[in-house]
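Hi,

Here is the structure I promised to pass on. Have a look at it first, and then read my notes below.

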Amino acid sequence: MRTTDFVASAFGVKTPKLIYGTAWKKDRTARLVEQAIKLGFRGLDTACQPKHYQEEGVGAGLAACLGPGLERADIYLQSKFTPPDGQDPERMPYDPAADLAEQLTQSFNASLRNLRTTYLDGLVLHSPLRDEARLMEVWSAMEAVFDSGGARQLGISNCYALDYLERLYGRARIKPAIVQNRFYAETGYDRNIRTFCRQHGIIYQSFWTLTANPKILSHAKLQALASAYERTPAQVFFRYLTQVGIVPLTGTTSETHMKEDLAIFDFELTATKCDAMSDLLVP
Ligand SMILES: NC(=O)c1ccc[n+]([C@@H]2O[C@H](COP(=O)([O-])OP(=O)(O)OC[C@H]3O[C@@H](n4cnc5c(N)ncnc54)[C@H](OP(=O)(O)O)[C@@H]3O)[C@@H](O)[C@H]2O)c1
């Protein structure tokens, strides 16, 4: 990816405009991560959640690519702390009896071991905690990781209520710099959340971008744009999102799709075409 294919959060952390997601790949994780990096991806998203992610495979795939010409610092590496109710009780990556702050610390240390790294570029809370005292207990532990240099920025995922994000932002000593959300019509495409993110230098990352939006992908307007640009509808959609400040995640397992996804940086939509795309984002 070229230098223009990155954005920076309020913390100045350089984030690729498209991130490779590593969920659900099981034993294929290491091979797919290696392939993605070799094809040009420079951002990786994972989680310390064995139920959905094989984090040690991400570490192995990354390690296979590092060496002359590619350093750890060239890769944006992000992982998540998944609270107990999002974990498989049979495969907990931390002590289920420990308090939340200790669980966060154990999870973070497991991520470093799995990923064979000394720091994360982003440490993300996988889902909000309803009890805000518990939220702040975890967030303070995340701030301690930030203070120690273990994470360059912090974030939250699956956060669809603007008032919750505002309260977290207001109470946090180290402000969130990442919001990673499902991008779909049911939430009005997070319009208010995205405005807040834009105003506060928070990087908004989308998942379910293709799978939750078949209507957009098959819409005549997008199909026409895809023909005009000689690109696939997925490419035009991803490209549009990057132009309006969204960082999509793609977890494709196909080499063709990896190449197509990276090729979105080879073309640009005009402002008028972007406006036409925005009209499709209706709840
Ligand atoms: N924070 C959270 O709670 C959360 C939840 C879900 C996901 N995530 C993250 O987001 C990442 C992406 O997950 P996702 O749910 O958005 O779906 P995804 O894993 O990226 O799956 C996309 C689907 O679309 C297909 N596809 C068709 N054309 C494609 C193209 N040009 N490029 C890419 N895919 C194409 C893929 O098939 P092929 O494999 O055949 O290409 C695949 O079946 C995950 O790996 C994970 O890192 C986070």
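Let me start with Trp-208, which is partly exposed because 13 other C-beta atoms lie within 10 Å. (Buried means 20 or more other C-beta atoms within 10 Å of a residue's own, exposed means 12 or fewer, and partly exposed is in between; C-beta atoms are placed from the backbone.) Trp-208 sits in the loop between strand 9 (203-207) and helix 7 (214-217). Its phi is positive, about 60°, although Trp-208 is not a glycine.

Before you go on, keep in mind that this is a predicted model: local features need pLDDT of at least 70, side-chain atom pairs count only at pLDDT 80 or more, and totals for chains, interfaces and linings use all residues. Residue numbers run from 1 along each chain as its sequence is written.

Tyr-189 also has a positive phi, about 55°, and is not a glycine. You'll find Tyr-189 in the loop between strand 8 (178-182) and helix 6 (191-199). Tyr-189 counts as buried, because it has 21 C-beta neighbours inside 10 Å.

Now the overall picture. The protein has 11 helices and 10 strands; these are DSSP runs numbered from the N terminus, H or I of at least four residues for helices and E of at least two for strands. For 283 residues, a compact globule would have a radius of gyration near 19 Å, and the 18 Å of the protein agrees with that. (That radius is taken over C-alpha atoms, and the globule rule is 2.2 Å times the number of residues to the power 0.38.) Along the principal axes, the C-alpha atoms fill a box of roughly 55 × 45 × 35 Å. Of the 283 residues, 42% count as buried.

What about the ligand? There are 23 residues around it, and Gly-21, Ala-23, Phe-207, Gly-251 and Thr-252 come nearest. (A residue is near a molecule if its C-beta atom, placed from the backbone, lies within 6 Å of it.) Strand 10 (246-250) and helix 10 (255-262) are the elements that give two or more residues to this shell. Helix 10 supplies the largest share, three residues.

Met-258, Asp-261 and Leu-262 are its buried residues. They lie on the same side of helix 10, because they cover an arc of only 95° around the axis, the arc being that of the directions from the helix axis to the C-beta atoms. An α-helix has 3.6 residues a turn, so residues three or four places apart point the same way. On the other side of helix 10, Thr-256 and Lys-259 are exposed. The cover over the buried residues includes helix 1 (29-39), helix 9 (233-243) and strand 10.

The largest nonpolar core has 65 residues, of which Val-33, Leu-123, Met-142, Val-179 and Phe-237 touch the most other members. (Such a core is a set of buried Ala, Val, Leu, Ile, Met, Phe, Trp, Tyr and Cys residues joined through C-beta atoms within 7 Å.) Leaving aside neighbours within four places in sequence, Phe-237 is in contact with Ile-216, Leu-217 and Leu-222; contact means C-beta atoms, placed from the backbone, within 7 Å.

Last, Arg-134 lies in helix 4 (residues 132-147). With neighbours within four places in sequence left out, Arg-134 is in contact with Leu-100 and Leu-129.

Cheers

Key
Contact = placed C-beta atoms within 7 Å.
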